Amino acid sequence: VNVLSLIVFLPLAAALALVALPRLGDATARVAWVAVAAVDLALVVVVWLRYESPGSGSLAFEEQAEWIPGVNSSYHVGVDGLSLPLIAMTAVIFLACAVYALRETDRPRVQAALFLFLQSVSMGLFVAADLILFFLFFDLSIVGMYFVIAGWGHNDAGRSALKFFLYTFLGSLALLVGFIGLYIAAEPHTFDMVDLADQTPLAGSSMGGGLVLAAILVGLAVKTPTVPFHTWLPPAHTDAPAIGSAVLAGVLLKMGTYGFVRIAMPMLPEAWRAWAWVIVVVGIVSIVYGALVALAQTDFKRMVAYTSVNHMGYIVLAVGAAGIVADGTAQARAVAVTGAVTQMVSHGLITGALFLLAGVLRERAGTYDMASYGGLAGPAPRFAALFAIGAFASLGLPGLSGFIAEFQIFTGSIAAAPVTAVALVGILLTAALFLRALQQIFTGETRGRSVGFGDLRRAEVWAIGPLLALSLLIGVLPRPLLDVIEPAAEVAVELVGR
Amino acid sequence: MAMRPLLLLPEMLLLVGGLVALLGGSFLPRARQWVARAVAAAALVAAAVTAAFGMVGSGQTAFDGTFAVDTATGVARIVAALGTLIVLALASDEIAGSPRESETYALLLLATTGVLILAGAADLLVLAVGFLLASVPLYGLIGIDRTPRGAEAVMKTYLLGALFGILLLLGVTILYGVAGTTAYGELTSGLEAAPVGAVAVGVVGVLAGLMFKAGGVPGHFWVPDAAQGAGGAVAAYLTTVPKIGAVVAAYRLMATLPGTVSWPLLIAVLAVASMTLGNLAAYWQTDPRRLLGWSTVSQVGYLLVPVAVAGRSDLALPALLLYLTGYTVTNLAAFAVTTAFPDRRDLDSYRGMGRARPWLGASLVVALLGLVGTPPTVVFVGKLTTTAAVWDGGHAWLAVVVFVNTVASLFYYLRWIAPVYGRRESAEPPTRGVTPAAWSARTAVLTAALSLALGIGAGGLWATFSV
């Protein structure tokens, strides 16, 4: 059995077992979830250790089996430097959520099954090398997350979940239209990603290529989300349970950005170059607008949700800049793409941690409203410490992963298109808003909801701590990660320059 | 040209089975009417098995070329027979021991015979016979419960059926008049030289009749009323099985038309109208069966999409058959959930059902999301391939319309899913409809599982369908 298939289907098998065996106690279900997530992570570590860069036009740990041969769609999986870091990040986030949920009392068995299902789906998406397989997992991630929000959310969860479902499903169908367009244009018709990247169908047809790219971009932009398709994100995050938000922001948003580098850039290079400036502008607007709206929030979770729009904006900016082809900028554009992938990993870890911390706020004091707290550092020093690390990581302090990512994004983007420097203002704004949040919640006299606030418990520390520790590790020792990403980023830039 | 009546063995089996069920049922005491059900089930299984054997080998025709026995007929036979078998399972809960039990089974088999004749018809006159044989038993089935709503539904269906039947016959007459033949094999050349206006009127008439049978615009008015007013098993039947025959018949007819009339546009317009109207009308329905009734109108729209490129894309026919198979299984799964809880006639009465009955809840989710076209259910593969076919045939815009409508349809399916997993507002347990009907519940789980399994195994289906 291919190790990637094992990584994808192990959680699903465990989820089915949990559903089929209702007599398993809640305690067993919680522990089983942690165990399966840990085994999955261990398998990913094995893959990482044995991984060697496969080079242009091929994948490592490849497996292909017939699925619907009539339309040239197959079960085709494999990894390269773009997907491997995301698989690892996904495994880490789901393990963190499993550990965090060790204290869950609301239907823990079903919740564990649902998250294991989501883990399978997320892993499957990142290893998929066939458009229909990709779409299958893309859609199922929406279905799974709908039930997470509707079933375990709070406040107006039903409505937020519905909005999330409708909006992102709309995006997924736009994506499917684009995929069918690629399929029809390819000769012979195929859904295989490797073949399509090799063929670049629609090359030479600026109209057809533009329309298909537009469909794919809309689909991915809804999922990412970028301005103006981001309006589903804040309510979904605000009403989702903590681990749901962590997975949504940490993993599901990356499906959009991953699609840019995996599908749009290599398969439609000509259209991508033609529309690169539009993508760059959307990225810059997302960065600035996301940061400004985040600055205006009083609800901590909503604020983090908007900083996600801002952080995803950096990725969009970088991949857009990668399409502005000029002589002698290939290396700079590869740096931008490397930064984009690093940012996907970094944002997953940091925002996952921040949403879990937000979950602690709600669990202890029932509100995300920052003004209700004050002087929280006194009663909850561990919480304060992790929160501060998370905030600094998110605002891009050197020594943490966010800095590595954003530094590369700006280095690459500004070299390719100097005007992108205007997006630097986003970094200033996020710094301001996180510092203000820190000040408001933690400093001063202990008052309001901070009184009697219980500090982090062991399971919470072990869920959130490793995420931030990894961010720190990447910030201090980025080489192991960058060594994996860089060859793939160079290939991506080479492909988009064709 | 030869008679070769044995090629019609599945149809004969169903006809004989129906007659045996009818006559035998008259002599059976009320408590032993299940024997008639067993006879009907045996006839359906035998028809499906003989149809499967009939698919071995290449296409043939029977009765001087007026009835085609090819892959499309074979698939329609198997799917219609097994679909009716599933309906029998739903009927086991609902009408076991009721006064008109064996009559229901007999009518179901006779209507299915008509559906199969529609599917295989390669001659306009055979088409007309199939239409009547498939329609007349349905009138009886809809009203067999003798409820007020049933009476209204049967009246509406009957009047519309009479009107559209006349349109169909008129269309057949005109086409015969201008082409000088009713056999599909000679129709293409016969119509090529004929005046375009007359051909167009004739085609519209025949299509209108088929749209009544399929339950698509403009012949859709009876569908929501019948789905709501008839018994659960009958509602499941008439929104599922007749479509198989009608859509395959439409495909066959379109594939024989010459290029002088722009029939692809006509089909595309009907498809867009069906899917859009069905979706919009389903939006605010509160009765789950009525909601499903409108949803089936929109599904006819999707089913017509590959018909619009009949003969212009290699993908069209297998895609159509795949969608038909998937739709039959998935729609029956959704109806099975409603017959499992016959007293729950309000979306809100499903509140908390998913927690009390996890398997049924999951089946309903699979069925409804399947009807939306979520992977990995088989309807997704159907939708994917039909849109690919229509794009391949040069109508990319129709593919886009399909997906726009799919998004629109999601909303009303979610209106049903949301309460199923919603929290119960009052703490007191519901007083009625707590225990689901056993046969329906099992059928729902089975068909939902089948919908997933066929989606994952779609490669094999496709290979069979594209022979």
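Predicted model: local features only at pLDDT ≥ 70, side-chain atom pairs only at ≥ 80, totals over all residues.
**Overall form of chain A**

Taken along the principal axes, the C-alpha atoms of chain A fill a box of roughly 65 × 55 × 40 Å. The chain contains 19 helices and two strands. Of its 498 residues, 66% are buried. Its accessible surface amounts to about 15,700 Å², and carbon and sulfur atoms account for 65% of that area. Contacts in chain A between residues at least 6 apart in sequence are made up, to 83%, of pairs at least 24 apart.

Helix α8 of chain A covers residues 206–223, which is 18 residues. From its first C-alpha to its last, helix α8 reaches 25 Å, close to the 26 Å expected at 1.5 Å a residue. This helix is mostly covered, since 13 of its 18 residues are buried.

Helix α18 of chain A, residues 458–476, holds A:Leu472. Together with A:Leu473, A:Val476 and A:Leu477, A:Leu472 forms a nonpolar patch on the surface, with about 390 Å² of accessible area in total. An α-helix has 3.6 residues a turn, so residues three or four places apart point the same way. Is A:Leu472 buried, partly exposed or exposed? Its relative accessible area is 44%; because buried means under 20% and exposed over 50%, A:Leu472 counts as partly exposed.

**Backbone features in loops**

One joins A:Glu187 and A:Pro188, with omega about 0°; A:Pro188 is placed in the loop between α6 (157–185) and α7 (193–199). The other runs from A:Val227 to A:Pro228, with omega near 5°; A:Pro228 is found in the loop between α8 and α9 (233–239).

In chain B, B:Phe63 and B:Arg146 have positive phi values although neither is a glycine. The table sets out both residues.

| Residue | Phi | Loop in chain B | Relative accessible area |
|---|---|---|---|
| B:Phe63 | about 55° | between β1 (60–62) and β2 (67–69) | 27% |

Methods: Residues numbered from 1 in each chain as written. Chains lettered and ligands numbered in written order. Heavy atoms only, no water. Patch = residues over 30% accessible without salt bridge, like charges linked within 9 Å, V, L, I, M, F, W, Y side chains within 5 Å. Areas by Shrake-Rupley, 256 points an atom, 1.4 Å probe, with all protein chains shown as cover. Salt bridge = Lys/Arg side-chain N within 4 Å of Asp/Glu carboxyl O. Helix = DSSP H or I, 4+ residues; strand = E, 2+ residues; numbered from the N terminus. Buried < 20%, exposed > 50% of the residue type's maximum accessible area, 1.4 Å probe, protein only. Expected span 1.5 Å × (residues − 1). Contact = heavy atoms within 4.5 Å.
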